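Biologist: I'd like a close look at a single part of this model, down to the atom pairs. Pick one spot and walk me through it.

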Amino acid sequence: NILLKRIQRSFLADWCLEEECLAAIYSVHKSTGYVLDPHTAVAKVVADRQQDRSCPVIIAATAHPCKFTADVLQALRFKEISQHPADQLQMLSSLNSLPSVHKAVMERIGKIHIQKKEVCPADPSAIMDTIEHFIQQKVMKII
């Protein structure tokens, strides 16, 4: 109990709305050219809210914006966002911002084959048949 009280005196925790997160991504990119990932954008919003200017604040980015490309593109106010990950990464890369899109990620995403979606009836035997068919068509070819 004493330890918890000491920790609570030393640490702050907070959250922000999605709109605040997206706005932070946009404003940081507009003012600095850097593209925040959503996690780091939340940290910035919270730090700005909690900051009393009595000491410096350092925010360490916790992820790469490529991991959340559609959300980042939305924050950066792209009008038409493709549903294909390779197109989204290309759009993000076209900004020539930091951090840059990893070339290996671009190459790998470009090779990904989009799976055809299949809807089956909500019947246990139909579901099993669909899964078995998928395994035979996709997995057994690899083995």
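Modeller: Let's go through the place where helices α2 and α3 pack together.

Some ground rules: this is a predicted model, with local features needing pLDDT of at least 70 and side-chain atom pairs pLDDT 80 or more, while totals for chains, interfaces and linings use all residues. Residues are numbered from 1 along each chain as its sequence is written, and side-chain values use heavy atoms, with hydrogens and water left out.

Helix α2 covers residues 18–32 and α3 covers residues 38–50 (helices are DSSP runs of H or I, at least four residues, numbered from the N terminus). Their axes sit 8 Å apart and cross at about 95° (lines fitted to C-alpha atoms over the stretch in contact, angles from 0 to 180 degrees between N-to-C directions). That makes α2 and α3 roughly perpendicular (65 to 115 degrees).

Who touches whom? On the α2 side you've got E20, C21, A24, I25 and V28, and these meet P38, A41, V42, K44, V45 and R49 of α3 (contact: heavy atoms within 4.5 Å). By class, that's eight nonpolar residues, three charged and no polar ones (Ala, Val, Leu, Ile, Met, Phe, Trp, Tyr, Cys and Pro are nonpolar, Asp, Glu, Lys and Arg charged, others polar).

Now for the charges. E20 and R49 meet in a salt bridge at 3.3 Å, N to O (side-chain nitrogen of Lys or Arg within 4 Å of a carboxyl oxygen of Asp or Glu). With E20 in α2 and R49 in α3, that pair ties together parts 29 residues apart in sequence. R49 also pairs with D14, with the closest N and O atoms 2.9 Å apart. D14 is in the loop between α1 (2–10) and α2, so this bridge links R49 in α3 to a part 35 residues away in sequence.

K44, another α3 residue at the contact, bridges to D48 at 2.5 Å, N to O. Both are in α3, four residues apart, or about one turn of the helix. Relative accessibility is 24% for K44, so it counts as partly exposed, and D48 is partly exposed too, at 49%. As for D14, E20 and R49, their bridges share partners and join them into one network. The salt-bridge count comes to three.

Conventions. Helices (H or I, at least four residues) and strands (E, at least two) are DSSP runs, numbered from the N terminus. Angles under 35 degrees count as roughly parallel, over 145 as roughly antiparallel, 65 to 115 as roughly perpendicular and the rest as oblique. Buried means under 20% relative accessible area, exposed over 50%, partly exposed in between (1.4 Å probe, protein chains only).
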